[in-house]
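Me: I have a structure open and want to learn how to read it. Can you take me through it step by step?

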Amino acid sequence: MDFKGFDHPDRGAGGGTRSVKVMIAGGFGTGKTTMVRSVSDIKPLTTEETLTQASAGVDNLIGVVDKTETTVSLDFGKIGINDELVLYLFGTPGQERFWFLWNGLFKGALGAVVLVDTRRLASSFRAIEEMERQNVPFVIALNVFPDSQDHPIEEIRDALDISPHTPIVACDARDRSSSRDVLIALIRHLKERSAVAMEPR
């Protein structure tokens with residue numbers, strides 16, 4: 001993939017490797033930690049803790065009743081897309097009680113992946129709102145679970161109320177190649193936005 005014209009302040013004046021901060025966001029139980037684990041070139045840093053009875057009535061487990069752990073701060077991983085580009089991945093906590101951490105995590109992010117569970121679309125509304133509020137370009141990644149129904153992309157777009165210019169891709173967050181394809185889709189989206197912004201008016 002050609003990354004000419006993909007500008008970022010972390011790139012040295014002489015060229016070489018660019019490093020980009022990317023957020024992996026989404027609702028509770030949509031697969032953020034799973035994606036970071038599956039795609040990272042290094043052993044990822046995770047901050048998962050066991051769900052206990054103390055979280056009953058606080059964390060909404062509808063649709064994810066088998067979930068036993070949850071991210072309480074962030075997930076961190078790293079992947080080299082090629083010799084030119086390295087992505088630093090920051091996974092956000094999904095539950096509402098940890099949303100106060102998001103502002104700090106988003107600082108310096110060039111783009112984001114919003115993971116969506118089509119069985120629970122509403123769980124990712126907050127993440128999408130935050131992308132739009134902070135003006136962070138993003139792609140939607142539909143994490144396909146075994147009992148997920150197949151919905152037309154435009155129906156998903158309408159339900160999420162997102163721009164027609166925002167890419168939507170299907171993925172399996174457990175699979176490295178699938179997760180990597182999502183990140184490449186994000187990079188392409190960022191390049192296209194950059195090219196449009198540089199067009200003469």
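Me: Let me start with one residue. Leaving aside its neighbours within four places in sequence, which residues is T30 in contact with?

Reply: A word first: this model is predicted. For T30, that gives L115, D117, R120, S123, S124, N143 and F145.

Me: Is T30 buried or exposed?

Reply: Look at the relative accessibility. Under 20% counts as buried. T30 has 0% relative accessibility, so it counts as buried. Its side chain also reaches the backbone oxygen of G27, at 2.9 Å.

Me: How far apart are T30 and A141, in sequence and in space?

Reply: Keep the two distances separate. In sequence, T30 and A141 are 111 residues apart. In space, they are 10.0 Å apart, C-alpha to C-alpha.

Me: S124 was on the contact list of T30. Where is the place of S124?

Reply: S124 sits in the loop between β6 and α3 (125–133). S124 has a relative accessible area of 0%, so it is buried. Beyond its neighbours within four places in sequence, S124 is in contact with G26, G27, T30, V114, L115 and V116. A polar atom of the S124 side chain lies 2.9 Å from the backbone oxygen of L115.

Me: Now the sheet. In which order do the strands come?

Reply: Start with the general idea. Strands of a sheet pair through backbone hydrogen bonds, either parallel or antiparallel. Here six strands form an open sheet, in the order β4-β5-β1-β6-β7-β8, with mixed pairing.

Me: Why is one side of β4 and of β8 left without a neighbour in the sheet?

Reply: Look for the edges. β4 (75–82) and β8 stand there, each with a single partner strand, so one side of each has no neighbour in the sheet. From one strand to the next, the twist averages 25°.

Me: In what sense do β1 and β5 pair?

Reply: Check the strand directions, then count bridges. β1 (residues 18–26) and β5 (residues 85–91) pair in the parallel sense, over seven bridges. One case to find: M23 has F90 in β5 as its bridge partner.

Me: And how many bridges join β7 and β8?

Reply: Four bridges join β7 (residues 138–143) and β8 (residues 168–171), again in the parallel sense. L142 stands opposite A170 in β8. Now follow the chain. From β7 it passes through helix α4 (residues 153–160) to β8, and this β-α-β crossover is right-handed.

Me: Why is α1 largely enclosed by the rest of the structure?

Reply: Count its buried residues. Six of the eight residues of α1 are buried, so the rest of the structure largely encloses this helix. Among them are M35 and V36. Not counting residues up to four places away, M35 touches I24, V113, L115, C171, A173, S179 and V182.

Me: How many residues has the largest nonpolar core?

Reply: It has 23 residues. Those with the most contacts inside it are V22, I24, M35, L87, L89, V113 and L183. Helix α5 (176–198) is one of the elements that supply at least two residues. The largest share, six residues, comes from α5. Apart from this core lies another, of 22 residues, including F90, L105, A112 and M131.

Methods: Residues are numbered from 1 along each chain as its sequence is written. This is a predicted model: local features need pLDDT of at least 70, side-chain atom pairs count only at pLDDT 80 or more; totals for chains, interfaces and linings use all residues. Side-chain values use heavy atoms; hydrogens and water are left out. Two strands pair if DSSP finds at least two bridges between them. A crossover is right-handed if, with the strands pointing away from the viewer, the path from the first strand over the helix to the second runs clockwise. Axes are lines fitted to C-alpha atoms, for helices over the stretch in contact, and angles run from 0 to 180 degrees between N-to-C directions. A nonpolar core is a set of buried Ala, Val, Leu, Ile, Met, Phe, Trp, Tyr and Cys residues joined through side-chain atoms within 4.5 Å. Buried means under 20% relative accessible area, exposed over 50%, partly exposed in between (1.4 Å probe, protein chains only). Contact means heavy atoms within 4.5 Å. A polar contact is a pair of N or O atoms within 3.5 Å; within protein, one must be able to donate a hydrogen and the other to accept it, and residues adjacent in sequence count only if both atoms are side-chain atoms.
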